[in-house]
Amino acid sequence: MVISIMSLPIDKIKVLHIASEMHPIVKKGGLGDVVGSLPKALRELGIDSRVFLPMYPSIDENVKRTFKRMPYKLYLPLEWRVFPAFLWKTDVQGVPVYLLEIEGVPFPADVYPSNLNLNTIKPFFLFSLAALELEKSARWHPQIFHLHDWPTSQVAIALKWHMYYSSFSKSYDTVLTIHNLAHQGIIQETDLMPWGISKEAFSIDGLEYYGMINLLKGGIIASDAITTVSPRYSWEIQTKEYGMGLDGVLKKYNSKLRGILNGIDYSYWNPMTDPFLPAHYDIDNISPKKECRKALLARCGWGEDHLPVLIYIGRLVEQKGIDLLLYSIESIVGHGCRLIVVGEGNEVYEQSLKEASAQFPANVFVKIGYDEELAHLMYAGGDMLIMPSYFEPCGLIQLIAMRYGTVPICRAVGGLADTVIDADTAHDGTGFLFSHYSSEALLHAIGRALGAWNSPELWNQIVRNCMSADFSWSRSSREYAKLYLELLGVSDFRSF
């Protein structure tokens, strides 16, 4: 959709974020944090930014009480049937949010289906069609659909290949953000004709992927613009090592691909106001961080003995480099450190961590499952954060840790390389990076961090560098706003 005028007031831009998660309504990972923050930041710029979510049966009843059902039904065509659906509306920190409830077609209780096939992705396909019908009930017409990952890439697919909805293609522009290329929405079935998707879509230049259907691939081809959540990740996914089988497609369409770094919501992640902390602090008075450390040690059943405290918060999966951490635990303990781990994931990793905690009870504490209060206390009370990821599209954990003055030790990939400056190579360093994917490289980086820890003046400077770094959404939201303006045909950003 091209607007012929040379300038467009920012407050005339209307964007609908179509997503499977949004904090605090529903969250499974970093996507929920982004959708919970980015639309809010865009509204602060003046953009009319709204969110469209599925109505999951698992949404907390207290949250549901804030929803108001809209009076007009939507009717969604699929498999020679029409599925009635209702829109619900609520407000999250000033952001209008619509939720879709489809009669007789529930969304997965755990947000994402454990197995992907035509039946399990059916609610998400109907959800995508509902985005194209939303204005009939919402009485609001977005100019841009901002799609997030494979569950909503089907909006772009419908606009390009659907027998009916392709006629809507000139009414909208589409942006697809890839939060994690590892999740692509691949199904074995090859015939989407009953869903209204034309046969020509099943080709090498469409949804076909080694004899199967790849929904993310279709979204990449069909969208007007593609973004990833950090600049480096946008380059990495065009390589065989990190392209997850789609490197060739991404290279072909790299003219519409760009990386825009994620941010975090500093009104929420703020050690000066965080309600989970026993003491509050900021860069001008860091000393109360010691009280948070004391409370963290007590939570783990430990007393203060002035040992460095290393933390790990996140999923216990191969992507996060948890195998490197497991190989390194004995050496970490041998270096006189304490390690606190909170997360869940692969059962083998969970069991191995439990065994390490039993073997080193005075140095290793493990909590399987996510604990919001403990995580906040770890960010504030920890000294160093470990993120040895095999790949990392952006990473939010290191940004939060820096905000709280906890120094990250990370592998130099994706958004970690974009956000952490190695303290051994720059005076404004904010952490310690390593490149080779090995426990030896991780332990060497930890050793360098411990060397800085033993020099209080140097360590305090690194902590201050971390806390002064700006990873709020203010800069990144402007990059998205410029992208929206480009899609709308506006090239003069001087007033913006």
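Helix α9 (residues 322–334) packs against helix α14 (residues 439–453) at an angle of about 50 degrees, the two axes being 9 Å apart. That makes α9 oblique to α14, oblique being the class left over once angles under 35 degrees count as roughly parallel, over 145 as roughly antiparallel and 65 to 115 as roughly perpendicular. The model is predicted: local features need pLDDT of at least 70, side-chain atom pairs count only at pLDDT 80 or more, and totals for chains, interfaces and linings use all residues. Residues are numbered from 1 along each chain as its sequence is written, and side-chain values use heavy atoms, with hydrogens and water left out.

**Helix pair α9 and α14**

- The crossing of α9 and α14 is right-handed; the term applies if the near helix is turned clockwise from the far one by less than a right angle, and left-handed if anticlockwise.
- On the α9 side the contact (heavy atoms within 4.5 Å) is made by L324, L325, Y327, S328, S331 and I332, and on the α14 side by S439, L442, L443 and I446.
- By class, the contact of α9 with α14 has 7 nonpolar, 3 polar and no charged residues. Ala, Val, Leu, Ile, Met, Phe, Trp, Tyr, Cys and Pro count as nonpolar, Asp, Glu, Lys and Arg as charged, and the others, Gly among them, as polar.
- Axes are lines fitted to C-alpha atoms, for helices over the stretch in contact, and angles run from 0 to 180 degrees between N-to-C directions.
- Helices (H or I, at least four residues) and strands (E, at least two) are DSSP runs, numbered from the N terminus.

- UniProt lists residues 308–459 for "domain: Glycosyl transferase family" in an unreviewed entry; its positions are given in the numbering used here, feature names are shortened, and annotations may be inferred rather than shown by experiment.
- The span 308–459 is 45% helix and 18% strand, and its end C-alpha atoms lie 12 Å apart.
- An open sheet of 6 strands has the order β16-β15-β14-β17-β18-β19, with parallel pairing; two strands pair if DSSP finds at least two bridges between them.
- The edge strands of this sheet are β16 (364–368) and β19 (432–434), each pairing on one side only.
- From one strand to the next, the twist averages 15 degrees.
- Strand β18 (residues 407–411) pairs with β19 in the parallel sense over 3 bridges, and R411 stands opposite F434 in β19.
- Helix α10 (residues 347–359) packs on the sheet and touches β15 (338–343) and β16, its direction making about 145 degrees with that of β16.
- Helix α14 lies across β14 (309–313), β17 (384–387), β18 and β19, and runs at about 160 degrees to β19.

- The feature "domain: Starch synthase catalytic" is placed by UniProt (unreviewed entry) at residues 14–252.
- The end C-alpha atoms of residues 14–252 lie 29 Å apart, and the span is 31% helix and 26% strand.
- Helix α4 (residues 149–161) and helix α5 (residues 215–222) have axes that come within 7 Å and cross at roughly 50 degrees. That makes α4 oblique to α5, and the crossing is left-handed.
- Residues of α4 that meet α5 include D149, W150, I157 and W161; among their counterparts in α5 are L215, L216 and I221.
- This contact of α4 with α5 has 8 nonpolar, 4 polar and 2 charged residues.
- An open sheet of 3 strands runs in the order β9-β11-β10, with antiparallel pairing. β9 (186–187) and β10 (208–209) stand at its edges, each with a single partner strand, so one side of each is left without a neighbour in the sheet.
- β9 pairs with strand β11 (residues 212–214) over 2 bridges in the antiparallel sense, and I186 stands opposite N214 in β11.
- Helix α5 lies across β10 and β11, running at about 50 degrees to β11.
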